[in-house]
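Dear colleague,

I am passing on the structure we spoke about, together with some notes. Please open it beside this message as you read.

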Amino acid sequence: MPEHDILIGIDAGTSVIKAVAFDLQGRQLASASVPNNYTSTAEGSATQSLEQTWRDCAAALRDLGNRIENLAARTAALSVTAQGDGTWLVGNDGPVCDAWLWLDARAAPTVQRLAARASDRARFEATGTGLNTCQQGSQMAHMDAHMPELLDRTEVALHCKDWIYLNLTGIRATDPSEASFTFGNFRNRQYDDTVIEALGLTHRRHLLPQIVDGSQITHPLTAQAASRTGLRAGTPVSLGYVDMVMTALGAGVYGGAGDVACSTVGSTGVHLRAVPANGVHLNDQGTGYVICLPIPGIVTQVQTNMAATLNLDWVLGIAADIMSDMGKPVGHRDLVDHIEDWLKASQPGQIIYHPYISEAGERGPFVNADARAGFVGLALHHRFPDLLRAVTEGLGMAMRDCYAAMGPLPSELRLTGGAARSPGLRGILSASLDAPVRVSDRDEAGAAGAAMMAAVAIGVYPDMEACIKEWVTPLLGQAEAPDPGLTAAYQRLFPAFSASRQALPPAWDALAAARAKQIRAGN
């Protein structure tokens, strides 16, 4: 058995931390995972322990070692990606506080204040990214205004993958993707003083770490990290880009003819298209992200729905609660197995559903922390299958809303995420965009994208294009053409979806005010 024939990709997501082993040609060999834990409150906070995150990551790597014989000796390199945005503060003696996750909504008033400034358009023109409560820049600005003692005790502000990289290598760094969409310029992949000034953080600039491109530079695994993970000290470690683009890279966002797009439909919805940096379409609303790919001159335009399959979890949860109350409890898996039948038992395009079920509101293609989900068009004859279909179609309409904000609709959609396994949902998403759908056979696209960076960094491939040809393209399934009848139905439905979405903000504002009064009253 040859030495150094394995690459490891770490993907530290919001729900689970995974360590995945691949051979040098991209075949997945084994994986190990540890559930992730975070704490949320009704006041909008969502926080996660830094120490526990590192312990869980190390545990996943040790477990992977139990699954693959002689893993430590065979590992050529490892790379790490993780959940994006958020704020992971580190001081002289370690973590300053629990991390603020991308789910944390406490910075909402600061986002409103900063977005109202004339300087915000210049910030958007540089980053290509609209302000929202998820981002480190917004969260640090909020901390600076309301809890400056946290930043006073901080030596470096990191993201989740950066924190893991620090524990693996001892190096305080971030990558070009998160650096440029938060504090920099996607054209040169460096920090931008205009952006930092627009966020009111010029006096905190020293907290920003060095930028390291993990497709070109690696750092060795420290002896301490080796003892925690079971790997060999000195193993090259690559700092991956943010999980959104790592997943898209592994699933096929780049490569092939036509205007290809890639959507990850999981708990959240992430919609990306790869374009040259000089071909970015910046919308007038100042929303979305521009995130660099580990390919020179290529970036992804991104719009993200705060919640995607979380909406399906919610509507299925309603059914489960009713059945449980009637003395007939069912599991989530049992209900998921009925989705296809419920879709067949309902008519398309009858009800509008806005899928803004997250407590943090929405961030794509508009930003509104008070946005909430709702049905429009219910009638007496509608039953549960109709509601289930409307929720599913709402995901398709929200996807179309996001891609429309980035320019013309794509000519092909590549799907990843748990929802891609559903034929009914794939058909709805395909018809919503009037574009054929292809599904990647890659199980762990995020970890694969990270491992691809390590493969290029240590010279297994000369560049990312060569790696994509072997790791990605062969795993893309056949194109599934959209159903003409569904396409016509959704062409008629989308204008109503869009018009009602644009009319709802005053109602969301009123509901938010009512909730705030209720909280103040102690009810």
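This is a predicted model: local features need pLDDT of at least 70, side-chain atom pairs count only at pLDDT 80 or more; totals for chains, interfaces and linings use all residues.

Residues are numbered from 1 along each chain as its sequence is written, and side-chain values use heavy atoms, with hydrogens and water left out.

The three-stranded sheet

Three strands make an open sheet in the order β8-β7-β10, with antiparallel pairing; helices (H or I, at least four residues) and strands (E, at least two) are DSSP runs numbered from the N terminus, and two strands pair if DSSP finds at least two bridges between them. Its edge strands are β8 (94–95) and β10 (156–158), each of which pairs on one side only.

Strand β7, residues 88–91, is joined to β10 in the antiparallel sense by three bridges, and in β10 the residue opposite V90 is V156, while the bridge partner of L89 is A157. On the β8 side, β7 is held by two bridges, again antiparallel, with P95 as the bridge partner of V90, and a hairpin of two residues leads from β7 to β8.

In a regular strand the side chains alternate between the two faces of the sheet. In β7, W88 and V90 point one way and L89 and G91 the other, and all are buried (under 20% relative accessible area, with exposed being over 50% and partly exposed in between, using a 1.4 Å probe and protein chains only).

Helix α1, residues 50–67, lies across β7 and β8 and runs at about 100° to β7, where axes are lines fitted to C-alpha atoms, for helices over the stretch in contact, and angles run from 0 to 180 degrees between N-to-C directions. Helix α7, residues 160–169, also packs on the sheet, touching β7, β8 and β10 (contact means heavy atoms within 4.5 Å), and its direction makes about 35° with that of β7.

The six-stranded sheet

The other open sheet has six strands in the order β19-β20-β18-β17-β23-β24, with mixed pairing. Because β19 (289–292) and β24 (437–439) stand at the edges with a single partner strand each, one side of each is left without a neighbour in the sheet. From one strand to the next the twist averages 30°. Strand β20, residues 298–305, runs antiparallel to β19 and is joined to β19 by four bridges, and C292 stands opposite V299 in β20.
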